Amino acid sequence: MTDKKRTEIDWQDVRVFLALARHGSLSAAARALSVNHATISRRIQALESSMGEKLVERRPEGYVLTSAGTRAMEVASDMESAAQTLGRGDINDSIKGLVRVNAPPGLAQGFLIAHLAKLPSVHPGLDINLAIDLRSISLERHQADIAIRISRPLDGDFIAKPLGYMDFGFYGIHEVCQLVEEGGVPTFITFDEENSDIPDAVWLAKHFPRTRISFRTNNHVAQAQAAKYGAGLALLPHYIGRRELGLRQCKWQSEMPPSREIWLLMRRQDRKNLPVRTVADYLVQQFENEQDLFRA
């Protein structure tokens, strides 16, 4: 007896589709949902059968959405938001749901966590997922609802809100700063080789091509910690250097990297999503309140 062709969409199939679309591989989706690869494949095939369309394609770099998959992703994300709201057992108009925020490690650890962590207590139904990645993750794949970027967005159909500017300075412990201020040769802390294309790392290499690099790591917060233990001078955003006890700004180098813009991105279709809009508006306000912390 042959299986009856499915016509109704199973929510569990949709959950698996969302995970695969966001993570781009069977293994990552399986880890996220705590299931095996076979379950992911079976669920995707079942959803495609129910919809009568191919939703994903396997390529060397991973799974990518087809045009039908992109359309399905929008609807599936709305279904997910609705399921989260219903799951709370509350039918009033309070702000509730999960909002995913993506930001670079330094900005996340040095500024955002302190502010975002306050939101769940202000709005008991609101949950925050902060993904800390030096490399951007995709808004289009719904891996994040809000993205904070340290550069002006060049493309994509997003709402882009300017959050201000980020300025830099050299920071170190008193003894290290005093040495270079009196004419000594500096030793630097900067990004690791994998992230040597970060603009401030490029600037440092260009202006001090033969100066010793004593310590490398992949984010500004870790660089500040290395400076705190005397490894050398770190070129840090002021919002990190000024808040790190034990460090001070060194007054020996007048030229600094150009200011970098900070932007908030969100999908246009989320502008009426109350939880996403609440978090976005809150972040815009926090950056506005503390702009002096970021500027020279």
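**Exercise 1. A salt bridge between a helix and a strand**

Which side chains meet in a salt bridge of 2.9 Å, N to O?

Solution. The model is predicted, so local features need pLDDT of at least 70 and side-chain atom pairs count only at pLDDT 80 or more, while totals for chains, interfaces and linings use all residues. Residues are numbered from 1 along each chain as its sequence is written, and side-chain values use heavy atoms, with hydrogens and water left out.

Step 1. A salt bridge is a side-chain nitrogen of Lys or Arg within 4 Å of a carboxyl oxygen of Asp or Glu. The pair at 2.9 Å is Glu181 and Arg248.

Step 2. Helices (H or I, at least four residues) and strands (E, at least two) are DSSP runs, numbered from the N terminus.

Step 3. Buried means under 20% relative accessible area, exposed over 50%, and partly exposed in between (1.4 Å probe, protein chains only). Glu181 is partly exposed at 32%, and Arg248 is partly exposed at 26%.

**Exercise 2. Other salt bridges**

Describe the pairs Arg260 with Asp200 and Glu290 with Arg243.

Solution. Step 1. The count of salt bridges comes to 13.

Step 1. Arg260 and Asp200 meet at 3.6 Å, N to O. Arg260 lies in strand S12 (residues 260-267) and Asp200 in helix H8, 60 residues apart. Both Arg260 and Asp200 are buried.

Step 2. Glu290 and Arg243 meet at 2.8 Å, N to O. Glu290 sits in the loop between helix H11 (274-289) and helix H12 (291-294), and Arg243 in the loop between helix H10 (238-241) and S11; the two are 47 residues apart. Arg243 is partly exposed, with 39% relative accessibility.

Step 3. A network of salt bridges links Asp10, Asp13 and Arg43.

**Exercise 3. The sheet**

In what order do the strands of the open sheet stand?

Solution. Step 1. Strands of a sheet pair through backbone hydrogen bonds, either parallel or antiparallel. Here two strands pair if DSSP finds at least two bridges between them.

Step 1. The 5 strands stand in the order S9-S8-S10-S7-S11, with mixed pairing. Strands S9 (213-217) and S11 (248-249) are at the edges, each with a single partner strand, so one side of each has no neighbour in the sheet.

Step 2. Strands S8 (residues 188-191) and S10 (residues 233-237) run parallel and are joined by 2 bridges. Ile189 has Ala234 in S10 as its bridge partner.

Step 3. Helix H8 (residues 199-207) lies across S7 (168-172), S8 and S10, at about 140 degrees to S8. Axes are lines fitted to C-alpha atoms, for helices over the stretch in contact, and angles run from 0 to 180 degrees between N-to-C directions.

**Exercise 4. Two helices in contact**

Describe how helix H5 (residues 105-116) meets H11.

Solution. Step 1. The two axes come within 11 Å and cross at roughly 115 degrees.

Step 1. Contact means heavy atoms within 4.5 Å. Leu107, Phe111, Leu112, His115 and Leu116 in H5 meet Val279, Tyr282, Leu283, Gln286 and Phe287 in H11.

Step 2. Gln286, in helix H11, is buried at 13% relative accessible area. Not counting residues up to four places away in sequence, Gln286 touches Phe111 and His115.
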